[in-house]
There are 2 protein chains.
Amino acid sequence: MRNEFHADLQTVSQLLVELAQEVRAAMRQATRALLTADRRAAEAVIAGDRDIDHRYRDVEERVCELLARQAPVASDLRAMITALHVAADLERMGDLADHVAKTALRRHPSPAVPAELRPVFTDMAGVADRMAEKIATVLASPDAELAAELDRDDDAMDELHKGLFGVVLGADWPYGVETAIDATLLGRFYERFADHAVNAGEHVVYLITGHPTPS
Amino acid sequence: MRNEFHADLQTVSQLLVELAQEVRAAMRQATRALLTADRRAAEAVIAGDRDIDHRYRDVEERVCELLARQAPVASDLRAMITALHVAADLERMGDLADHVAKTALRRHPSPAVPAELRPVFTDMAGVADRMAEKIATVLASPDAELAAELDRDDDAMDELHKGLFGVVLGADWPYGVETAIDATLLGRFYERFADHAVNAGEHVVYLITGHPTPS
């Protein structure tokens, strides 16, 4: 029974790894759509969000099935609940990639991001990508130290986010309010993506160590 | 055993009702802080967010305990998982009230919302309040019809949100970029609050009817 449970748990973990990889790919593609005004990339991300939602529900169904069939207790139960949390964070990260893609599409064929902001969004996307990669890695092979790195990545994201406001609020901002609003929302999408990655990482750390991350 | 389970489930429901009421009160107070530059109200919301987080974890602990002790199946298991989802949505709604309060505090003693935007934020806050009230009501006494009303409320919120951008992007917007950014983020906080209320409502409907809400 216990071996069977662990095989099932392995299946759920594998689904989570694939979900994390899908979400990472979605945000990469959304960033490309954003920075190169690539309409097809934007549309692909938006269409792909349904697959991500589908996979999320798949994880949830399997966890429910496992809970019903195996009635796990203690750390096994904790692992199941953690899987639900991580899946929910990943699903939301997928939504945020979708939001970035939709912003790119709304301004197409104009770029949603003016030249002055390309460096900061390139950097934010780089951090987001690194974080999504780490989540996929720690889900495949739990590593509390690597998961804890997500906090430092998030600090880097927060600094970039502040820098973004510095540019938009600078005296020489030439683009007016509409572009400032786009930049504000886009900045928030990347920053929330990072927050959910941190959350997912904390759940994985909890699972590995049995202790919540001090916050 | 089954009666005992239902008594426990009742306790969890009651905790969710209280959480919903707390979240509703937090958003009311955050709105007051925002619209009247009330520093104390803002600080109270920010301090109170810890209680909301604490209650959220309390729900989760109880659900885990129940799952471990009772090993429910079928609809009882579904009710437990739904409770986790609803608690997560409510916790996030509390965060959004906290974000509104922090925005009010950051601009204090100046008002974060200029006169032109007070009507739209008053209306958005009114819709948010109505939605939080409905969530508390349907959690106390499941009512699929009332829960379904949340979708219409959310449409009203989306209209107000569009109207907000109309004002900020109007040719005669006199406040510059910083106020536009505040308005954009505040608008998003109320809109996301409504989205989470809709999610929570959908979970409750699923619980009552056994069918996901068509989307």
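How much of residues 17-103 of chain A is helix, and how far apart are the end C-alpha atoms? Select that span in your viewer. The chain is 94% helix and 0% strand there, and the end C-alpha atoms sit 27 Å apart. Keep in mind throughout that this is a predicted model.

**Stop 1: the annotated spans of chain A**

The unreviewed UniProt entry annotates residues 17-103 and 122-203 of chain A as "domain: PhoU".

**Stop 2: the cis prolines**

Stay on chain A and select His108(A) and Pro109(A). The peptide bond between them is cis, with omega about 5°. Pro109(A) belongs to the loop that runs between α3 (74-107) and α4 (118-140) of chain A.

Jump to chain B and select His108(B) and Pro109(B). Here too the peptide bond is cis, and omega is near 5°. Look for Pro109(B) in the loop between α3 and α4 (118-140) of chain B.

**Stop 3: two alanines in chain B**

Select Ala37(B). Its phi is near 45°, a positive value in a residue other than glycine. Ala37(B) sits in the loop between α1 (2-36) and α2 of chain B.

Next, select Ala71(B). Phi is positive at this residue as well, near 45°, and the residue is not glycine. The loop between α2 and α3 of chain B holds Ala71(B).

**Stop 4: both chains together**

**Stop 5: the interface**

Select the residues of each chain that touch the other. The size of an interface is often given as the accessible area lost when the parts come together. Chain B and chain A bury about 2400 Å² between them, with 70% of it on carbon and sulfur atoms. Highlight Val177(B), Ile181(B) and Arg188(B). These residues supply 21% of the area that chain B buries against chain A, more than any other three residues.

Polar pairs come next. Across the interface, four residue pairs are in polar contact, both residues of each pair being at pLDDT 80 or more. Now color chain B by helix.

**Stop 6: the salt bridges**

Side chains of opposite charge can pair when their charged atoms come close. Over all chains, the count is 48 salt bridges. Between chain B and chain A, the count is four.

Select Arg78(B) and Glu60(A). They form a salt bridge, and their closest N and O atoms are 3.6 Å apart.

Then select Arg78(A) and Glu60(B). Their side chains also meet in a salt bridge, at 3.7 Å from N to O. This pair crosses between chains: Arg78(A) is in helix α3 of chain A, and Glu60(B) is in helix α2 of chain B.

Definitions and conventions
Residues numbered from 1 in each chain as written. Chains lettered and ligands numbered in written order. Heavy atoms only, no water. Buried area = accessible area lost by both parts, 1.4 Å probe. Polar contact = N/O pair within 3.5 Å; in protein donor to acceptor, adjacent residues only side chain to side chain. UniProt positions renumbered as here; feature names shortened; annotations may be inferred. Helix = DSSP H or I, 4+ residues; strand = E, 2+ residues; numbered from the N terminus.
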